[in-house]
Amino acid sequence: MIWGMVIDLKLCIGCQACSLACKTEYGIPRGMYWTKTLIDEVGVFPNVTRVYLPQLCNHCEEAPCEKTCPTGASYTDEATGVVLVDYTKCMGCRACYVACPYQNRHYVKRGALQGYYPGKGLTPFEAQSYPHFTEGTVTKCVGCIERVMGGLDPACVTNCPTYARKFGDLSDPNSEIRQLIRSRNAVQPMAEKGTEPKVYYIS
Amino acid sequence: MLHRDVKYIEADDPTFEVGYNPQTEWKWLITLAFFCGELGAGIFLVSLFIPAAAAKLAFCVGLLGWLIVAGPKNLFHFIYLGKPWRFWRGLSRPGTSWITRGFYATFALCGFGFLHVVMFYDVAFNGATPTPMGQAIMIVAGISAFVVMIYDGIVMTYSPSIPLWNNSLIPVLRTSYALMGGVTMTLLVSMLPALAGQFTGEQLHLWSQIERGLVVANMLMIVIYVMTLTYQVTAAKESAYLIIRDKYPAVFWFGVVAIGLIAIFLLPILVQTESLGLLLAVAVFELIGDFCILFLLLRAGVFSPLRTQPSIDEALFSRA
Ligand code: SF4
Ligand code: SF4
Ligand code: SF4
């Protein structure tokens, strides 16, 4: 299967349930989010509207982060098309961070794994999740690969209260997401950059 | 949409607002590493073109360039890395990564450049004639120096995320600055009392003319570069705005333009006589200008915000 996501902008209410679900699922250290919903106000009074734009790693087919990575730490999982980082190989040069047009890479600074209560040790939750991170390396959305391989949807999809996020198999022409992409004229973020994102937006 | 419809947001912690976010990871250490790499490689490359009659000067200039690359450039890169002792892993992806290619070139310059300097010592100080082996090493070291000089610019150009960088003029501009640094430092070293007489008056004049030519070329390139930014996507316009008016005008107008270009062009005309003091002032000004332009390129680079992308805006607003 090839990992794919379609986000319905009409349904997103900007509640950030996805941001928190992801943070909780992986115990992501403070100061970073693997997914977040951007909030913006557009228009001029009195014709003002609020828009919400959920954002996460697009697991790009032509991922510039992967191409520029000098160590091979950034790679695409062949079976799912998910772009991952091998923390044991990453040397923390952050070339991938500057190459990602979507700002979806995060550097785990030295001292970033001190926890939310510095000087007071880690909470049990942090103690369980922080060993999965490595200071001095770059981290990003892992596409919930282990959930997906176990037949579940990604955490941000499962926890969206409005079903704005839909997950599926891009290689299956009859999957729900492929049908949505076809029928709702889905657009890819910054398609003009040639990155071929696997996340699509519909409205 | 006007480029200023979206705010400039510089924040270390994540923000949920849509805005022009500057890149915040490649800062001082990378600026210093790029600066030393380009300058050192430029000096080394220029030393290979110094006439045989001034072999002592060529040796000293080559050694200076090699030292800058082998020392500060490598050191700044090393301490910048999050996992410095994994630096050797950076050699893994020559097929796609310009950083890997730059690593190879840097190592080659450190190795072959060292051999060249050692072998050239005999030519410069003991009157030996260059051997074919020595010349082959010199060519490999020269090619490596050229790649070291240019690869940072190519890394930036290849980055699709920051429109300020995603511009094919960057490698040309950086190469031209590196060569200007090389020529300026050659002129300065030639004025040292121990190397007096290495350059004849005519040669000194010729090299000063070359330096002036490079200053003019850099001025033109900067004008063209800034103009191209104003015709590009909104994030490029925002970068140009940050550089020229909003956040860094002092660095640009004073550091890059007044000190780094106009002063080094006018000083030799006003002072007339070539002297160590004059060339020292020109060299210092040139280094300040070079550092300032690199600083601006790295600091004023903002990502394109997702919301101003035509495809996304269309999807967002079609529901209204
Ligand atoms: S969104 Fe960014 S981090 Fe994710 S694959 Fe694309 S370029 Fe890489
Ligand atoms: S920071 Fe790590 S993953 Fe990113 S480009 Fe450098 S080595 Fe690769
Ligand atoms: S797919 Fe998983 S890892 Fe990626 S943003 Fe969603 S919850 Fe986080």
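Colleague: What makes the meeting of B:Glu25 and A:Arg94 a salt bridge?

Modeller: The term asks for a side-chain nitrogen of Lys or Arg within 4 Å of a carboxyl oxygen of Asp or Glu; the side chains of B:Glu25 and A:Arg94 meet at 3.0 Å, N to O, and therefore the pair qualifies under that cut-off. The count between chain B and chain A is one salt bridge. This is a predicted model, in which local features need pLDDT of at least 70 and side-chain atom pairs count only at pLDDT 80 or more, while totals for chains, interfaces and linings use all residues. Side-chain values use heavy atoms, with hydrogens and water left out, residues are numbered from 1 along each chain as its sequence is written, and chains are lettered from A and ligands numbered from 1 in the order in which they are written.

Colleague: How do you know that chain B and chain A are in contact?

Modeller: Contact means heavy atoms within 4.5 Å, and by that criterion 47 residues of chain B are in contact with 58 residues of chain A. The two chains bury about 4,400 Å² between them, 58% of it on carbon and sulfur atoms, where buried area is the accessible area (1.4 Å probe) that two parts lose on being put together, summed over both.

Colleague: Which residues does B:Trp26 contact, leaving aside its neighbours within four places in sequence?

Modeller: Its partners include A:Cys93, A:Arg94, A:Ala95 and A:Val98 from chain A, and B:Phe34, B:Tyr80 and B:Leu298 from chain B.

Colleague: Why is the set of 152 residues called a nonpolar core?

Modeller: The name is given to a set of buried Ala, Val, Leu, Ile, Met, Phe, Trp, Tyr and Cys residues joined through side-chain atoms within 4.5 Å, buried being under 20% relative accessible area (1.4 Å probe, protein chains only). The largest such core has 152 residues, and those with the most contacts inside it are A:Trp34, B:Trp26, B:Leu164 and B:Ile222. Its largest share, 12 residues, comes from helix H9 (residues 276-299) of chain B. A second, separate core of eight residues includes A:Val6, A:Leu170, A:Ile177 and A:Ile202.

Colleague: What makes A:Trp34 part of the surroundings of ligand 3?

Modeller: A residue is near a molecule if one of its heavy atoms lies within 4 Å of it, and A:Trp34 is among the residues surrounding ligand 3, as are A:Cys22, A:Cys141, A:Cys144 and A:Cys156. This shell divides into 10 nonpolar, two polar and no charged residues.

Methods
Buried means under 20% relative accessible area, exposed over 50%, partly exposed in between (1.4 Å probe, protein chains only). Helices (H or I, at least four residues) and strands (E, at least two) are DSSP runs, numbered from the N terminus. Ala, Val, Leu, Ile, Met, Phe, Trp, Tyr, Cys and Pro count as nonpolar, Asp, Glu, Lys and Arg as charged, and the others, Gly among them, as polar.
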